[in-house]
Amino acid sequence: MTSEQVAQEAMQIILHAGEARKHCTEALKDIEKNDFAGAKEKMKLANDEIVIAHRVQTNCIQKETEGEQGEYSVLFAHAQDTLMTIYSEINMSKRLIDIFESFNQRLAQLEMTNK
């Protein structure tokens, strides 16, 4: 791959990972409002975007394993770092949805038994 192609692929990873982060952040805001259905929907969108970013990365790696050599790129390394960081954010956000939804349900049960 040429350095221009590597840069284009890196930008695609950054673009889609950034969109995933945006949806993830919106999901966390929905949790604050106890809108768990909205949070889950935003997380589906985040997942869709992170999958696209991951596929771009995987395609680049496959090209290299098939003998198509590319030059080292700081931009591509940054893209991979961004991808993995946001992937971790998505995993943590999914867990937070489960935790707060469970907490909210338990709180509602307690309130009903105290009436």
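What follows is a working chat about a predicted model.

User: Is this experimental or predicted?
Analyst: This is a predicted model.

User: Where is His 78, and how accessible?
Analyst: His 78 sits in helix H3. Its relative accessible area is 42%, so His 78 counts as partly exposed.

User: Which residue is listed as "binding site"?
Analyst: Asp 81, according to UniProt, again in an unreviewed entry. Asp 81 is in helix H3, and its relative accessibility of 48% makes Asp 81 partly exposed.

User: Why not call Asp 81 exposed?
Analyst: Because exposed means over 50% relative accessible area, and Asp 81 is at 48%.

User: Switching to the surface. Which residues form the nonpolar patch?
Analyst: The patch is made of Leu 28, Leu 96, Ile 99, Phe 100, Phe 103, Leu 107 and Leu 110. Together these residues have about 600 Å² of accessible area.

User: Which helix gives the largest share of the nonpolar patch?
Analyst: Helix H3, residues 74–113, with 6 residues of the patch. Leu 110 is one of the residues in that helix.

User: Salt bridges next. How many?
Analyst: The count is 6 salt bridges.

User: Which residue pairs with Glu 89?
Analyst: Arg 21 does, with the closest N and O atoms 2.6 Å apart.

User: What about Glu 19?
Analyst: Glu 19 meets Lys 22 in a salt bridge, 3.2 Å from N to O. The two are 3 residues apart in helix H1, which means a separation of about one helical turn. Glu 19 has a relative accessible area of 28% and is partly exposed. Lys 22, at 39%, is partly exposed as well.

User: And Asp 98, what is its partner?
Analyst: Arg 95, in a salt bridge of 3.3 Å, N to O. Both residues lie in helix H3, 3 residues apart, about one turn of the helix. Asp 98 is partly exposed at 40%, and Arg 95 is partly exposed at 46%.

User: Where is Asp 30, and is it buried or exposed?
Analyst: Asp 30 is in helix H1, residues 3–32. Its relative accessibility is 4%, so Asp 30 counts as buried.

User: What does the side chain of Asp 30 reach?
Analyst: The backbone nitrogen of Ala 39, at 3.4 Å. Setting aside neighbours within four places in sequence, Asp 30 is in contact with Asp 35, Gly 38, Ala 39 and Lys 42.

User: Follow up on Lys 42. Where is that one?
Analyst: Lys 42 is in helix H2. At 22% relative accessibility, Lys 42 is partly exposed.

User: Why isn't 22% buried?
Analyst: Because buried means under 20% relative accessible area, and Lys 42 stands at 22%.

User: What does Lys 42 touch?
Analyst: Not counting residues up to four places away in sequence, Lys 42 touches His 23, Glu 26, Ala 27 and Asp 30. The C-alpha atom of Lys 42 is separated by 8.7 Å from that of Thr 25, 17 residues apart along the chain.

User: Last one, Lys 40. Which helix, and which contacts?
Analyst: Lys 40 is in helix H2, residues 36–65. Apart from neighbours within four places in sequence, Lys 40 is in contact with Ile 97 and Glu 101.

User: How far apart are Lys 40 and Ile 97?
Analyst: They are 57 residues apart in sequence and 7.6 Å apart in space, C-alpha to C-alpha. Lys 40 itself is partly exposed, with a relative accessible area of 36%.

Notes. Residues numbered from 1 in each chain as written. Predicted model: local features only at pLDDT ≥ 70, side-chain atom pairs only at ≥ 80, totals over all residues. Heavy atoms only, no water. Patch = residues over 30% accessible without salt bridge, like charges linked within 9 Å, V, L, I, M, F, W, Y side chains within 5 Å. Areas by Shrake-Rupley, 256 points an atom, 1.4 Å probe, with all protein chains shown as cover. Salt bridge = Lys/Arg side-chain N within 4 Å of Asp/Glu carboxyl O. Helix = DSSP H or I, 4+ residues; strand = E, 2+ residues; numbered from the N terminus. UniProt positions renumbered as here; feature names shortened; annotations may be inferred. Buried < 20%, exposed > 50% of the residue type's maximum accessible area, 1.4 Å probe, protein only. Polar contact = N/O pair within 3.5 Å; in protein donor to acceptor, adjacent residues only side chain to side chain. Contact = heavy atoms within 4.5 Å.
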